[in-house]
Amino acid sequence: MTALDPLFAPRAIAVLGASATPGKLGAAMTDSLASFPGPVLKVNAGRPDPDRGFFPTVAEAAAAHGIAPDLVVSCIPAIATAGAVRDAANAGARAALVCAGGFAESGDDGALHQQALAEVVRDTGIRVLGPNTSGFLAPHRRLTASFVPGVADLEAGPVAVVAASGGVNHALAFAFAEAGVGLRLGVGLGNSLDVTQADVLLHLAEDDGVRAVALHVETAAEGRRLTEAVRRLTGRIPVVALVVGRSDIGDFARSHTGALATSWRVTRTALRQAGAVLVDDERDLVDAVTALSRVRLPAHPRPGIGLVTAQAGPGLLLTDDLRFHGLQVPPLVERTVKELRELLPALTYLNNPVDTGRPSPALTQIVERVSQDPGIDVTAVYGLLEPTAVDLSGALATARTATPLVAVVGGPAEQARQARRELGAAGIPCAATPASGSVMIRALVEDAVSRARLQAADVTAPGAPTLPLPGPVDEHTAKSVLADLGIRTPVRRVCADPAAAHAALDELGGPVVVKILDAEILHKTEVGGVQVGIRSHEDLDDALARMPASPALLVEQMAPAGPELIVGVRRDPVFGPVLALGAGGTAAEILGDVSLRLAPLSAHEADAMLDELATREKFLGARGATPVDRTRLTHVLLALASLATENAVAECEINPLRILPDGDVVALDAVLLLRDPWDQGGSDDA
């Protein structure tokens, strides 16, 4: 039992605005619910007709039927909804589906209607799905709470859809049906006034009939509650997420790093970190969920893929795409190759991918041998239907493989569709094209890698840094906070006047950097407040003459030249503390070369961030350069993540973080912004 059982597993249903007039929403909904095995109470306050089963109130309908409805489905206008739902709750209803539009999405009057409905939820405890949604589907309960034609014919199965949009929910339900996959539950959330994606995911976590979840996200207003629900679910059931909004920059913080962390990126980062598999469009979503509903690999940090192809060209397309996405297609061991030589002609390629030349009668044995190779964790087969050579479906369905199997089958449309359905019924994910096959394999691998990462994660409680008092923070103070966290900073001196700066030059020796020290100026370079390469007192006098007036000066030793990174943390309004690692210079801005994580995070997650940068080779020793000390970089990332979890911290940025000739890293500039004390009491998770 879950809190949403009255919504998704009701004993009786009432339709508000039920009608016998064709074309009306209430009539379409009543017809859709005709297959529901329990009582369906028809309520029409404007035209009651008890003799025909239409009652003016839920209470009167319940009295006539001898049962109060668990669920009311509202098909009445927005202006009348709140009062009708309140009456239904008072009559015993515990959940409501509100289909009508005209709420917050429509402007000021609609916002008032939504506020009134929210007050009903608050006062009565009734759970509300919607408003502004086309409903939900639960075929295994013969429950079609939707007015969309044709959905009543959808077959039950193991896949759940949790979609921000009712239209997307129905589109995906039909797409899964076309893929031969039945639906367990399909939910369109609409405005999410009460029931949210996290609520539905937590409900699904208790449903043993669900094998995979398709998650469609437009906004992630719940932040960490959503990721916690995904994390809980992926321990048992795979989740594939499609996040909309890659072109929306969003309203982000003023900092350089914050500008890089768009809402779309942060949402994807949060879901991936929680264990979800990410896809880029609805076609990939259907392929990925279809595969994961039939097969789930054991947790593995880097699964190996074995490929068998009956046609070399399509097999090369599949291999190329997998390797392009960083998946491992390892060479087979000599023993496996030797066994394959006994089954295949000498002209074929035998070392992954294995090319059979054409569909071979020995296909079953070939697939079995490849799957038994010690480096293989999932085996994929491509073949065109050639019935005179081999029964492809039968050969694969009867193979006793040591690993899960994925198939890609082409051929005449109807025969190929039938073969794919047969293989799906045998528990083998089957795609129509190499591209779709690659999506399926990548989804299986990403899910396995994700679970291995989560199992290895050990997030340690961060130490509490010493923070300055509330107010603007200058660069020297920010660097002192970083030094307390074990992050290397340049040797420096704070100078009250030019004479002290000259004394600092004598003490530190050249070359040095001279900066204005003013907490109100974050971008010192733009105002001429940074002068570098100062070796003599004459250089220093010239530099000071070029610099604007400042309350104080900062003189610090120059660091040797080296590659540069940007590291920053900011407080996202939805997800809370977010950590970013980016390539220095213009690559982070122009190319979007940045990796994100929610804080706090594990050392394993922090270490993986560098590998996600497109320019990672620059920091890993390309062209003979000293590679960054990954242990030191990981320490910096974890230290900033710990700083971000301090409620008083709004943002902190190291830009640049320079890699030194010995591989260590040093924070050459730092910005620390503190939150106003009055703004520290609330949660970041909206």
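Here are some friendly notes on this predicted model, point by point.

1. Some ground rules come with the model: residues are numbered from 1 along each chain as its sequence is written, and side-chain values use heavy atoms, with hydrogens and water left out. Because this is a predicted model, local features need pLDDT of at least 70 and side-chain atom pairs count only at pLDDT 80 or more, while totals for chains, interfaces and linings use all residues.

2. On confidence, pLDDT (the predictor's confidence in each residue, from 0 to 100) has a mean of 91 over the protein chain, and 94% of the residues reach 70 or more. The stretch to treat with care is residues 248-261, where pLDDT stays under 50. The model has 35 contacts (heavy atoms within 4.5 Å) beyond four places in sequence for this stretch. Where pLDDT is low, the predicted coordinates should not be read in detail.

3. Helix α17 covers residues 434-456; helices here are DSSP runs of H or I with at least four residues, and strands are runs of E with at least two, numbered from the N terminus.

4. Within α17 you will find S450, buried with a relative accessible area of 2%. Beyond its neighbours within four places in sequence, S450 is in contact with R272, G275 and A276.

5. What does the largest nonpolar core look like in numbers? It has 58 residues, and F136, V200, V213 and L271 touch the most other members. Such a core is a set of buried Ala, Val, Leu, Ile, Met, Phe, Trp, Tyr and Cys residues joined through side-chain atoms within 4.5 Å. A second, separate core has 44 residues, including A443 and A448.

6. The loop between β27 (665-667) and β28 (670-674) holds D669. D669 is buried, with a relative accessible area of 18%. Leaving out residues up to four places away in sequence, its contacts include the charged residues E475, K479, K515, K524 and E653.

Notes: The expected span of a helix is 1.5 Å times one less than its number of residues. Buried means under 20% relative accessible area, exposed over 50%, partly exposed in between (1.4 Å probe, protein chains only).
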